[in-house]
Amino acid sequence: MSRSALRWSIPVLLGLQLAMLWLQGAQLHRQNQVLQGLREDIQALADSIESSGGAASWEDDASAVPASFLKPTQKKVAVLGVQEEQEAAAKDLQASRESAQKAVKDAREAQSKLSIEENIRKAEEAQKVQTAAHSGQRWAWIALGALAVVLVLRAILRRRR
């Protein structure tokens with residue numbers, strides 16, 4: 001390799017590495033934003049489940065349950081029909097609560113898995129940095145030892161003259 005090629009290749013490689021680090025930082029920032037959004041959604045869902053967990057009326061629970069779980073029911077004139085309707089509504093409400101609790105549980109498990117994967121990734125990165133640092137130190141000690149041996153040999157050879 002010529003001297004001019006070395007002069008330009010090092011800054012180019014450093015620039016490429018800087019660009020890669022910037023891209024990685026952007027990806028980490030985006031992942032962090034997604035995780036924060038998921039965390040807020042899970043917290044809101046957990047809060048709504050906790051607030052609907054107590055003895056509340058149908059109207060209070062209807063606001064905490066997603067509209068897709070609520071089934072429109074027709075009003076019946078007979079007293080027996082109203083009672084059956086209330087029982088069906090209670091069953092629907094219980095099913096929606098169980099579904100929401102399952103969704104919260106699944107979301108928490110997913111968040112747990114993501115945080116575990118993130119911790120594993122951080123540990124691997126720390127291990128790589130530590131390995132690189134120890135590798136550099138090892139070569140520095142070898143070079144220092146070689147320098148000491150050369151200086152001792154030089155001193156011995158000068159005394160023999």
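**Ground rules.** I number residues from 1 along each chain as its sequence is written, and side-chain values use heavy atoms, with hydrogens and water left out. As the model is predicted, local features need pLDDT of at least 70 and side-chain atom pairs count only at pLDDT 80 or more, while totals for chains, interfaces and linings use all residues.

**Salt bridges.** I looked up the salt bridges (a side-chain nitrogen of Lys or Arg within 4 Å of a carboxyl oxygen of Asp or Glu). The structure holds three.

**Entry on Asp106.** I found Asp106 bridged to Lys102, with the closest N and O atoms 3.2 Å apart. The two sit four residues apart in helix H3, about one helical turn. Helices here are DSSP runs of H or I, at least four residues, numbered from the N terminus. Lys102 is exposed at 52% relative accessible area, and Asp106 is partly exposed at 36%. Exposed means over 50%, buried under 20%, and partly exposed in between, with a 1.4 Å probe and protein chains only.

**Entry on Arg121.** I found Arg121 in a salt bridge with Glu118, at 2.4 Å between the closest N and O atoms. Arg121 also meets Glu125, at 2.3 Å from N to O. Arg121 is partly exposed at 24%, and Glu125 is partly exposed at 34%.

**Entry on the lining.** H3 gives the largest share, six residues.
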